[in-house]
Amino acid sequence: MTVTLADVAARAQVSPATVSRVLNGNYPVAASTRERVLRAVDELDYVLNGPASALAAATSDLVGILVNDIADPFFGIMASAIQGEIGGPGGRAGGERLAVVCNTGGSPERELTYLTLLQRQRAAAVVLTGGAVENAPHAAAVAAKLRKLAEAGTRVVLCGRPPAPDTEAIALTFDNRGGARALTDHLIGLGHRRLGYIGGPEERTTTRHRLEGHRSALTAAGIEEDPRWTVYGRYDRRSGYEATLELLRRDPSLTAIVAANDSVAVGACAALRESGLRIPEDVSVAGFDDLPFSIDAVPSLTTVRLPLSEAGARAGRIAMGREEPPPGGIASVRGELMVRGSTGVPRRVGQ
């Protein structure tokens, strides 16, 4: 049963006009009244009608793109590719659609807030990019929002994110385990036996999957991992710098460092140079993602290339209904090992 503005007014014990003023933000309303109205909106899961042009349609011309950090090339590349596919025939305003990039900053609360706002605006499509937070209550809340969106006619696509069962969301997942396994296999093949690992935030699915791939390679080679060899941090350069100094403090005999992504790897390289160590003669360094700057690093980074632009473009086409979803609604996107100058045969004592 559709919840109406009158239902919200009754729950909040105010007039329908007051509810309209709070939701439109075009008239002063007492803070206590505003809070009461918004609480009623959330409790009833009321969906606000968008622009008048959307009233006669199931959805609007709005497309939401959720990213962790738009300043991170990983997300920027995907968002740009998605946006490049959402224009053209299909919208009512001259055949175009409006893309809104929602920057969550890694906050689970912001992610839910944006999904709610997009639901209220009857978004035509929503694309969520990057890994998910591994928290059962949050995952359940996100799944509930995705189901609501799908029920209202919104196409939902996950790009570089694990599937969300029972939500009708299409998932283009990245094979992070396979890529990480190939990367560590390469280092082991060069002769490395003491490998430090810099993971991303522990609560992220991407972090767990890449670490699992790394560890599976160690296990297959009969290498017993030392607990000192793994540290966690953010997906940025500073984290890589600080984590590398910590790894060297814990075990100065490490001959290789595997980083959560290319930005972390660049920070690791800086820390090694400042510590008087050469790359790769003393310590090899490997990243992940093959972001644009990785080939221009000195030395250029060995990494795993993820087809971020291609995956983003495909997600955009599926979101716009211009490409059929993959069989079963899930497709795994594989990475490619890119061997460059930052990895080599170990030469240090204690290899």
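Two strands pair if DSSP finds at least two bridges between them, and strands (E, at least two residues) and helices (H or I, at least four) are DSSP runs, numbered from the N terminus. With that in hand, welcome to this predicted model, in which strand E5 (residues 170–174) and E11 run parallel and are joined by four bridges. Residues are numbered from 1 along each chain as its sequence is written. Local features need pLDDT of at least 70, side-chain atom pairs count only at pLDDT 80 or more, totals for chains, interfaces and linings use all residues, and side-chain values use heavy atoms, with hydrogens and water left out.

**The sheet**

- Six strands form an open sheet in the order E2-E1-E3-E4-E5-E11, with parallel pairing.
- At the edges sit strand E2 (98–103) and strand E11 (330–333), each of which pairs on one side only.
- From one strand to the next, the twist averages 15°.

**Strand E1**

- Six of the six residues of E1 are buried, so this strand is largely enclosed by the rest of the structure; buried means under 20% relative accessible area (1.4 Å probe, protein chains only).
- Leu62, Gly64 and Leu66 lie on one side and Val63, Ile65 and Val67 on the other, and both faces are covered.
- E1 pairs with E2 in the parallel sense over six bridges, and Val67 has Asn103 in E2 as its bridge partner.
- Four bridges pair E1 with E3, again in the parallel sense; the partner of Val63 in E3 is Ala125.

**Helices H1 and H3**

- The axes of helix H1 (residues 5–12) and helix H3 (residues 31–44) come within 9 Å and cross at roughly 120°.
- That angle makes H1 oblique to H3, since angles under 35 degrees count as roughly parallel, over 145 as roughly antiparallel, 65 to 115 as roughly perpendicular and the rest as oblique.
- Asp7, Val8, Arg11 and Ala12 in H1 meet Arg36, Val37, Ala40, Val41, Glu43 and Leu44 in H3.

Conventions: Axes fitted to C-alpha atoms, helices over the stretch in contact; angles between N-to-C directions. Contact = heavy atoms within 4.5 Å. Buried < 20%, exposed > 50% of the residue type's maximum accessible area, 1.4 Å probe, protein only.
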